[in-house]
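Here are my notes on this one, point by point. Have the model open while you read.

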Amino acid sequence: MYFALDYIQLIYKEENKRGDYSGMIKFDYRNADALVVGSENGLNLSQEFDNYKDRIAEIIADLNKRKDKPGQWLQWMNLGYSEETAWYVKEYAALVENRFDNILVLGIGGSALGGIAVTEALLKPYWNLLSKEERNGAPRIFFLDNIDPDYMSGLLDVLDLKKTLVNVITKSGDTAETMAQFMFVKDRLEKELGDDYRKNIVATTDQRMGILRQISEQEGYKTFVVPDDVGGRFSVFSAVGLLPFALVGIDIDEITNGIKDMDLALKNTDIRENIAAQNALIQYLMDVKKGKNISVMMPYSSKLKYVSDWYVQLWAESLGKDMDLDGNHVHIGPTPMGALGATDQHSQVQLYNEGPNNKIINFIRVENFDTNLEIPKIFEYTGTGYLGGKSFNDLMNAEADSTKVALSDYARPTVTITLPKVDGYNVAQLLYMLEVQTAIAGELYHINAFNQPGVEQAKNYTYALMGRAGYEESAKTLQTKMAAV
Ligand code: PA5
């Protein structure tokens, strides 16, 4: 039957130069279909794909047409092709190789979450606890993405700053949290290293604007650029992510190959062959037609745990909007949530199965783990003996499958993205696919997915509260409002 042929999509063919697609990620939407979860909670996807065929084709063509135009905030679609950035990043990483034991990344939101997600996915587990030899001589990496004073001073208690390269990242160059962190760390560096401290700082920021750019020029720091028209949450494949990745020895060519292959695949305007368009439409229709306004991202892989945090920001900041593109107050946006399989089967799945049927769950599965770990054949005389001789890999995937089936028994819709393995190529494909999915969903919701007025509002109030020049009026308003609360 038509639907059965459709349900697993392994795409991407002749226009893609690499030729071999057996290793690309797959998307399975069968369990979001009414045929599986019933018409009250599932979609007639074959029908919906037909209904939205033209609209989706128009959106994809339009995004690809607009992407090079200034002011469209679509430059992230070109990042995989930026050979210049990759070259400069690699050159600098080679220059500082063996000079540092630690990389300390300072940043918040889009300036941190992609870096955390990718390094957690691609570095050996417990990287910072491995010896230098076990890390192939590469440094440890720490991300400071909050301003908790206990954590900040605690981290500096355990880092030898002389052997630490500090990568401060802020696109705007102004964010209070990042700049406060940087002021604290720079002060310590200067006290410990004297005039030489500048060699331990590299800044990633806007090309022209912002206080960090000004400071970097005055102080003479090495800098990298967050390109124009790349928003924070879409910046992981700019120097924001590529620099920390290269500094810890991650192969950034593998990453850019993954992005380029996925980008070529996602240029396909046919919804039946475009997984980002399919999932954007499914998430959108589940929200507006079926009342599933919570989108859960649930990887069955500890390495991919922080992809959920990155996705939560991407989905929330991009799609949670007051105004639509016609200026109407719409207050829309699905609520993203992160969960981890199998861990959260023992925490959240009770709610997913039996609580309100208001979620669409995005499973991420990994076909092949790096390690093939067998459960020893012991305790055979007990009720736990059945586990002996099985692999943890099989157990993990059995957990994903059984949760998916249990959810469908309760008429709860799910989709599944499968990665052949967790490597740079596949993780880049996954993240890029989710970025394109977000952009398409933004168009379906008819909102601007690339601004964040709600974040800016809170940022401005913080500046006012902390006495920044130019924010005096806001400070007065704020004081009045706070007194009234
Ligand atoms: O996605 C976004 O634009 C935000 O989450 C920003 O990344 C975050 O507010 C940090 O901004 P900046 O990089 O300017 O310090």
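1. Helix 16 (453-465) is the top contributor to the lining of the second largest pocket, giving 5 residues. Strand 5 (164-170), helix 7 (176-193) and helix 12 (305-319) each supply at least two residues as well. Helices (H or I, at least four residues) and strands (E, at least two) are DSSP runs, numbered from the N terminus.

2. Before you go further: this is a predicted model, where local features need pLDDT of at least 70, side-chain atom pairs count only at pLDDT 80 or more, and totals for chains, interfaces and linings use all residues. Residues are numbered from 1 along each chain as its sequence is written, and side-chain values use heavy atoms, with hydrogens and water left out.

3. The second largest pocket has a volume of about 800 Å³. Of its 34 lining residues, Ser172, Thr175, Gln452, Glu456 and Lys459 are the closest to the centre. On a 1 Å grid over the protein atoms alone, a pocket is an open set with protein on both sides within 12 Å along at least five of seven lines; a cavity is a set of points where a 1.4 Å probe fits but cannot get out; lining residues have an atom within 4 Å of a point. Points are joined across faces, edges and corners, and a volume is the space filled by probe spheres set on them.

4. What is the lining made of, by class? The second largest pocket has 9 nonpolar, 13 polar and 12 charged lining residues. Here Ala, Val, Leu, Ile, Met, Phe, Trp, Tyr, Cys and Pro count as nonpolar, Asp, Glu, Lys and Arg as charged, and the others, Gly among them, as polar.

5. The ligand sits in this second largest pocket (more than half of its atoms lie within 2 Å of the grid points). Around the ligand are 14 residues, and Ser111, Thr170, Ser172, Thr175 and Gln313 come nearest (near means a heavy atom within 4 Å). By class, that shell has 1 nonpolar, 9 polar and 4 charged residues.

6. Now the polar contacts (pairs of N or O atoms within 3.5 Å). An N or O atom in the Thr175 side chain is 2.5 Å from a ligand oxygen, the Ser172 side chain has one at 2.7 Å from a ligand oxygen, and a backbone N or O atom of Gly110 is 2.9 Å from a ligand oxygen. The protein covers 92% of the 390 Å² of accessible area that the ligand has on its own (Shrake-Rupley method, 1.4 Å probe).

7. Across the whole structure there are 3 cavities of 30 Å³ or more. The largest cavity has a volume of about 50 Å³, and its lining has 7 nonpolar, 1 polar and 2 charged residues.

8. Two backbone spots to look at. Gly341 and Ala342 are joined by a cis peptide bond, with omega about 0°; Ala342 is in the loop between strand 11 (335-338) and helix 13 (349-354). Asp229, a residue other than glycine, has a positive phi near 60°.

Definitions and conventions:
A polar contact is a pair of N or O atoms within 3.5 Å; within protein, one must be able to donate a hydrogen and the other to accept it, and residues adjacent in sequence count only if both atoms are side-chain atoms.
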